[in-house]
Amino acid sequence: MIFGQRTPTEEFESAALPHLNDLYRTAARVIGNRSEAEDLVQEAYLQAWKSFHRFEPGTNCRAWLFKILFHVIQHQRRKWYKSKLVQEDEEMLLQDTVAYEPPVPQQLSDEEVLAALEKISVQYREVLVLADVQEFSYKEVAATLGVPVGTVMSRLSRGRKLLREELSAFAEGYGIREKGKSA
Amino acid sequence: MKVINFEDSRCRRIRSYLDSYLNNELMVETNHEVLTHFETCEACSRSLEDRARLKAQLKRAVMQEYAPVALRERIGRDLRRSRRFSINTLSFSIAAAAAVLVIAAVTLLTSTPTGKPLSLQAEVAPGDLTGKLLKIGFDDHVFCAIDHQLANKQFTPEQMSEKLGPEYAGLVALVKERMPRNYAVVVGHRCHYQRREFIHLIMRNQNDVVSLVITRKNGEAFPTDAVAAIAQAAGGPIYPAAWANQQVAGWETRDHLIFVVSNETKDTNLQIASTLALPVRDFLARLES
């Protein structure tokens, strides 16, 4: 691999550091703790640097960094909780999603949205952030998390529904009632 | 949970597509079906608007956050630190008789810069041809063994043979025999840097990394009147240099430039170079004949 006149460190910095904000805000939302998110992002960058010789210039550096970040997060998560994530019957949940759509108030503060996001299980939260905030494709999200595309689709659908449900709690405060529900 | 029953099964199907529609993940035909449905179904259109609004709200909220400056600085420190190898002076006795002559010659060397701030950039004065040639070996060592951390790899003998090819595979045993006993040959391969191909062997012990770097000449030769040559005992002159915490010793054959680069002390690096110089010269002479 020839990088021209720039040193590998310069190549790495110019390719990887522009994505720092995206990696950090994603880690902060998925982990729910800024200090821990900083540690994990730092570790992800260190691991990325160590394996930078395997990165092919011209390919998607952002997706590559996110994959490393989630590898670090999943590894750390296993250490923290020492327990398996709750596995839900996602096919059932997908069916459920089709039928019920709680209303969402139009006027929401960022704090309210983030508070609602934080209440959702991490496996839905991470898909929401990757697909809806970072705008990764289903295929990229699947590769990042190491799950099938079908799982991404069902988790995204379920995640959006859970987020709507959390936010609908605010609806009553705004005087919004769903059609068909008694006031 | 109250479940809304959609009388229209078409609405039910369309709504099951809305999440994928929102992410632009639908097939063209399905996308068309959804768009057509929106023209006649206000409820499904509203449902889509609701989802799109929520998606936008979520994105806006999360994107408000930025990485702290301190995190950027921590990552920068990591990158700088990872480029350095610790300097640990290691004393060992060397078996080769040629070393005796080199040690004597080393005492004459007083101008090699050492103790500079750590930076793995080699600066060569204009007109310093010897320095320019030695920098070729230094650069490949830094690029490959340090920056790309090949020094942390452990190739099998079979991998080394395959990567070096039949011409150069014999170098591994030759070097292994002559390196200090606490060193292992961890990598033997061909690499490319700055449009040159290198035969590169990496030897390491617990703390130190030594590279044997060989490249075909591209019309270059060490200047015959070079005062920098410090040893004649190993079948020809050896030229030393030091940049940052790395020591370089180079010599040549008719068609090749050969370098030993390490984070060892100046004396030790020269001892290793002088031990390897003659057998490597003989090895390459067979290829050149």
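This is a predicted model: local features need pLDDT of at least 70, side-chain atom pairs count only at pLDDT 80 or more; totals for chains, interfaces and linings use all residues.
Two strands are counted as paired here if DSSP finds at least two bridges between them.

Stop 1: Select residues 184-193 of chain B, which are strand S1, together with residues 196-204, which are strand S2. The two strands run antiparallel to each other and are joined over nine bridges. For a reference point, pick B:Val185 and look across to S2(B): the residue opposite is B:Met203.

**Stop 2: the turn.** Now move to the link between the strands. S1(B) and S2(B) make a hairpin, with two residues between them.

**Stop 3: chain A as a whole.** Chain A has nine helices and zero strands, so its pattern along the sequence reads α-α-α-α-α-α-α-α-α. Chain A has 183 residues, and 39% of them count as buried. Taking its contacts between residues at least 6 apart in sequence, 75% link residues at least 24 apart.

**Stop 4: helix H1 of chain A.** Select residues 8-16 of chain A, which form H1. Which residues of this helix are buried? They include A:Pro8, A:Phe12 and A:Ala16. These lie on the same side of H1(A), because they cover an arc of only 45° around the axis.

Definitions and conventions
Residues are numbered from 1 along each chain as its sequence is written. Chains are lettered from A and ligands numbered from 1 in the order in which they are written. A residue is buried if 20 or more other C-beta atoms lie within 10 Å of its own, exposed if 12 or fewer, and partly exposed in between; C-beta atoms are placed from the backbone. Helices (H or I, at least four residues) and strands (E, at least two) are DSSP runs, numbered from the N terminus. The arc is that of the directions from the helix axis to the C-beta atoms. Two residues are in contact if their C-beta atoms, placed from the backbone, lie within 7 Å.
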